[in-house]
Structures are given as C-alpha cells and as structure tokens.
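Subject: Structure handover

Hello,

Here is the structure I promised to pass on. Please open it alongside this message. My notes follow below.

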Amino acid sequence: MGNQANNFAQCLLRAGLEVLDRDQRKATKRSKATTSELPRVVADELLELYRRLGGRACRPSFTTGDWDIACGDGLLIEYDEEAHFNRYRLVTLDLSWGDQLPWSHNYRDWSLAQEPACTKKARFGGYWSNDSTERMFGPSDPPGVLGTLGSSRWKQRAFYDAVKDAFAVFTPGIALARVSMYDEIGGAEAGITLKRSPGLGNEALRRHILSRTVTGTAD
C-alpha cells in the first residue's frame with residue numbers, strides 16, 4: 001500500500017477496527033472476489049461489460065486481486081485514489097445494480113470531474129499498460145492519450161472494481177465499504193489529510209464507513 005492507504009489503515013485501527021494482516025486474511029478465505037461465485041445473470045452482465053471495455057480474452061470467469069483491507073468483523077474496505085476515477089469507472093457504475101452501491105452517486109461525479117487527476121497520476125509505465133492488461137484489453141494509446149484505444153490498465157482497474165462491487169452486493173455474508181480520497185470526512189478531504197498523517201477523526205471515520213457499507217444478499 002502507498003502512503004495514503006497506510007495512513008488510512010492506521011486511522012481505522014485508531015477508530016477501533018481490527019485490521020487483519022496478510023496471514024490473518026488468508027485464514028478468512030476472503031482474499032479475492034470472483035465471478036464464478038456470482039449468480040449467472042450477474043456474471044453474464046460483467047462479461048458483457050468486459051466486452052464493452054474492449055476485452056478480448058475468452059475466460060469462463062474473472063478473479064480480482066486482494067481487497068485493500070479486511071477487518072476482523074468481516075468488513076472489507078477499499079481505499080480508492082486518483083487512478084480509480086475516469087471514464088471507464090463511470091461505465092461500470094451504470095450496471096443494473098449500480099444504484100445499490102452507497103458510493104455510486106459520488107463515484108459517478110468524481111469519475112467525470114477527476115479524470116485529469118487520474119491522467120496526471122496514472123499516465124506512465126504500469127499505471128497505463130502492461131503485458132497482463134494488454135492480454136485482457138488489447139494495446140493502449142500512447143501514454144496519456146485517451147483516444148480510440150485508451151489505457152488497458154485503466155480498463156482493467158475499472159473492471160476489477162466492478163467485479164468487487166458485484167461480489168459485495170450478491171454474496172451473502174460479504175460487507176464492503178468503499179472510501180475515496182475525495183470523500184469529506186470530519187470536514188476535511190480524506191486524501192489531503194492522509195497525505196500528511198493518519199489524522200482522520202475516529203467518530204467521523206466510523207460514521208463514514210457505516211454510510212458507505214453494502215452487505216451482500218442471496219437475491
């Protein structure tokens with residue numbers, strides 16, 4: 001994790017949440033989200049999203065990387081920085097379950113407004129493309145150019161965020177909260193505070209996490 005994410009984890013600990021380490025997370029068997037465990041209609045909609053984003057690999061299912069943070073009470077938390085807000089993430093929030101996500105309204109706004117910040121942060125090297133992302137989504141435009149091809153890494157990140165969202169909505173026993181660096185927590189923008197120190201207020205953070213949590217159901 002980067003500096004902001006590390007400071008965020010420290011804030012969670014100070015607010016009374018039990019943040020699991022790597023070995024503890026493995027024991028919970030909640031390390032990844034996968035479409036193979038989702039209802040067929042949901043997995044099919046994600047596959048259609050993959051194709052809309054330019055996906056080219058033929059896969060029976062998709063599995064994400066680890067969740068950013070797992071807590072002892074079963075809560076999973078994602079902390080999203082600049083690279084998560086762009087035109088591709090906006091597309092993922094228009095899936096049929098998008099309005100069930102307590103962060104969807106804000107994330108739509110930031111995906112539109114904060115794409116320049118995403119470009120500034122994520123236009124070079126592996127932030128823009130790599131062998132894995134080009135196998136999934138094909139070649140990219142030149143770094144920083146959002147033309148016909150765009151960025152294969154941006155597409156992959158947005159797609160895997162959508163898989164995690166769907167997994168949280170449709171998997172019984174899963175609870176997920178998404179927090180953005182652009183969120184206002186305790187009267188201050190989270191990212192501005194976390195770039196300097198783990199200084200988010202305990203009560204404000206607990207309230208924000210609660211307001212941003214979605215719990216999976218069997219429906």
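Leaving aside its neighbours within four places in sequence, which residues is Asp-99 in contact with? The contacts are Ser-104 and Arg-108. Please keep in mind that this is a predicted model.

**Asp-99**

Asp-99 sits in the loop between α4 and α5. Its relative accessibility is 65%, so Asp-99 counts as exposed. Ala-190 lies 91 residues from Asp-99 along the chain, and their C-alpha atoms are separated by 23 Å.

**Helix α5**

One of the Asp-99 contacts, Ser-104, also belongs to helix α5, residues 104–113. Ser-104 is buried there, together with Tyr-107, Trp-110 and Ser-111. These residues cover an arc of only 125° around the axis, which puts them on the same side of α5. What do the buried residues of α5 pack against? Their partners are β2, α4, α6 (115–121) and β3 (175–180). The face turned away from the buried side carries His-105, Leu-112 and Ala-113, which are exposed.

**Helix α3**

The buried residues of α3 are Val-42, Ala-43, Leu-46, Leu-49 and Tyr-50. Seen down the axis of α3, they fall within an arc of 115°, so they line one face of the helix. They pack against α4 (87–92), α7 (131–137) and α8. On the other side of α3, Arg-40, Val-41, Arg-51 and Arg-52 are exposed.

At 1.5 Å a residue, its 13 residues should span 18 Å. The end C-alpha atoms are 18 Å apart, which agrees. Gly-54 follows α3, and its phi is positive, near 100°.

**How α3 meets α8**

Two packed helices are described by the angle between their axes and the distance between the axes. Here the pair is α3 (residues 40–52) and α8 (residues 152–170). Their axes come within 11 Å and cross at roughly 170°. An angle over 145° counts as roughly antiparallel, and α3 and α8 are therefore roughly antiparallel to each other.

Which residues meet across this pair? From α3 come Val-42, Leu-46, Leu-49 and Tyr-50. From α8 come Phe-159, Ala-162, Val-163, Ala-166 and Phe-170. By class, this contact has nine nonpolar, no polar and no charged residues.

**Val-91**

Val-91 is found in helix α4. Is Val-91 buried or partly exposed? Its relative accessible area is 23%, so Val-91 is partly exposed. Not counting residues up to four places away in sequence, Val-91 touches Leu-49 and Arg-52. Leu-49 is among the buried residues of α3, whereas Arg-52 is exposed. Val-91 and Ala-162 are 71 residues apart in sequence, and 9.5 Å apart in space, C-alpha to C-alpha. Ala-162 is one of the α8 residues that meet α3.

**Glu-82**

Glu-82 is in the loop between β2 (75–80) and α4. Buried means under 20% relative accessible area. Glu-82 has 11%, so Glu-82 is buried. What is Glu-82 in contact with, leaving aside its neighbours within four places in sequence? The list is Ala-117, Cys-118, Lys-121, Met-181, Tyr-182 and Lys-195.

Best wishes

Notes
Residues are numbered from 1 along each chain as its sequence is written. This is a predicted model: local features need pLDDT of at least 70, side-chain atom pairs count only at pLDDT 80 or more; totals for chains, interfaces and linings use all residues. Side-chain values use heavy atoms; hydrogens and water are left out. Axes are lines fitted to C-alpha atoms, for helices over the stretch in contact, and angles run from 0 to 180 degrees between N-to-C directions. Helices (H or I, at least four residues) and strands (E, at least two) are DSSP runs, numbered from the N terminus. Angles under 35 degrees count as roughly parallel, over 145 as roughly antiparallel, 65 to 115 as roughly perpendicular and the rest as oblique. Contact means heavy atoms within 4.5 Å. Ala, Val, Leu, Ile, Met, Phe, Trp, Tyr, Cys and Pro count as nonpolar, Asp, Glu, Lys and Arg as charged, and the others, Gly among them, as polar. The expected span of a helix is 1.5 Å times one less than its number of residues. Buried means under 20% relative accessible area, exposed over 50%, partly exposed in between (1.4 Å probe, protein chains only). The arc is that of the directions from the helix axis to the C-beta atoms.
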